[in-house]
Amino acid sequence: MKEKIEALLAEIESLACKSEGEIEEARVRLLGKKGEITKLFEEFRTVAPEMKREFGQKLNQLKTAAVSKIEAMRNSVQDNTSSASAFDLTKPGDPFLLGSRHPVSIVREEIVEIFRKFGYDVAEGPEIEDDWHVFEALNFPPEHPARDMQDTFFISSSANSILLRTHTSSVQVRAMEKLPLPIRIVCPGRVFRNEAISARAHCIFHQVEGLYIDENVTFADLKQAILLFVREMFGADASIRLRPSYFPFTEPSAEVDVSCNICHGKGCNICKGTGWLEIMGCGMVDPNVLEASGIDSKKYSGFAFGMGIERIAMLKWQVKDLRNYFENDLRFLREFETSL
Ligand code: PHE
């Protein structure tokens, strides 16, 4: 009987049932009406009285071991089934946190899309440029004071300096050098100027510049293109006015104002009481610029224009501090979620 008890203890120890069914089977085999342990208790009646104490203890130990082992196995099988519920496929999924587009991207695409409808292609070029494409080919002679208009970040200042482009007019030069005529392109991109950062100026900003070169392109075509753009961007009742200006690469040159879309010309703090908002520079491409890129200026003429994307975004949403566009403060960016 002693050996039988020991053998059963070892067996109980090593039991490893994996399901409720197996556990129940083991319980019946050990503790059921005809189970091994139950049988031992029956045998116990025949044990000699002087041995009863020793065997009684052993038998009770064996029964407790069997009961607690079965209990423990039941708990662990239940745990497994409850952790399986973590994979409940009927549960609603965790939603992805979606980002939203940056306001500068939203406006860039809006501008580009308008010009695409007018038949303009998109051209892009490098942000790290050489002096030729940013200045020289655009009629900024060396030492010309106009170079100071665009405080430049130089990377190397040898004879042909390497620098961060100060405008995307450099992309227009690259286009004139290699594209067949006529050319009709818009050039969106990031530009860099060595300026102190404030609410109204930043050393990084974005532009969309445009260029159209063909035979018989006139200033009237330029005005018409800009008016059509402005009406698409700011509404059918928007109007423009042109003020004479100066750029080395265009002659004549002008600044374009659009009628204030907030007060509709009455005067407010956004347009500083004037009813007009400055939005871009433009002009007829200087013949020197055409010739520098190998285009016959007697046969071809063209116009160019350029605007700051942040400036247009500022007017669209009345964001007064330019720095908001670069700090990536989520509270600011989330304001544009619905503009996707
Ligand atoms: N390149 C000018 C600037 O960055 C903008 C411009 C483009 C003006 C084309 C006239 C014609 O300020």
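On a 1 Å grid laid over the protein atoms alone, a cavity is a set of points where a 1.4 Å probe fits but cannot get out, while a pocket is an open set with protein on both sides within 12 Å along at least five of seven lines, and lining residues are those with an atom within 4 Å of a point. The model examined here is predicted, so that local features need a pLDDT of at least 70 and side-chain atom pairs count only at pLDDT 80 or more, whereas totals for chains, interfaces and linings use all residues. Residues are numbered from 1 along each chain as its sequence is written, and side-chain values use heavy atoms, with hydrogens and water left out.

Rolling a probe the size of a water molecule over the atoms shows where empty space is left. For volumes, grid points are joined across faces, edges and corners, and the volume is the space filled by probe spheres set on the points. A search of the whole structure finds 1 cavity of 30 Å³ or more, and the largest cavity has a volume of about 50 Å³. Its lining is made up of Leu138, Gln172, Met176, Leu211, Phe249, Thr250, Val285, Val289 and Ala304. Sorted by class (Ala, Val, Leu, Ile, Met, Phe, Trp, Tyr, Cys and Pro count as nonpolar, Asp, Glu, Lys and Arg as charged, and the others, Gly among them, as polar), this lining has 7 nonpolar and 2 polar residues but no charged residues.

The open spaces come next. About 890 Å³ of space lies in the largest pocket, and of the 33 residues that line this pocket, Arg193, Phe205, Gln207, Glu278 and Gly308 are the closest to its centre. Helices (H or I, at least four residues) and strands (E, at least two) are DSSP runs, numbered from the N terminus. In these terms, two or more residues of the lining of the largest pocket come from each of helix 7 (169-178), strand 6, strand 8 (250-259), strand 9, strand 10 and helix 10 (309-317). Strand 9 gives the largest share of this lining, 6 residues, and by class the lining divides into 14 nonpolar, 11 polar and 8 charged residues.

A nitrogen atom of the ligand lies 3.0 Å from a polar side-chain atom of His167, a polar side-chain atom of Ser169 is 3.1 Å from a nitrogen atom of the ligand, and an N or O atom in the side chain of Glu209 is 2.7 Å from a nitrogen atom of the ligand. Of the 320 Å² of accessible area that the ligand has on its own, the protein covers 92%, where accessible areas come from the Shrake-Rupley method with a 1.4 Å probe and, for residues, only the protein chains shown count as cover.

The second largest pocket has a volume of about 270 Å³, and of its 14 lining residues the closest to its centre are Arg200, Ile270, Lys272, Arg311 and Met314. Lys272 lies in the loop between strand 8 and strand 9 and has a positive phi of about 50° although it is not a glycine.

Notes. A polar contact is a pair of N or O atoms within 3.5 Å; within protein, one must be able to donate a hydrogen and the other to accept it, and residues adjacent in sequence count only if both atoms are side-chain atoms.
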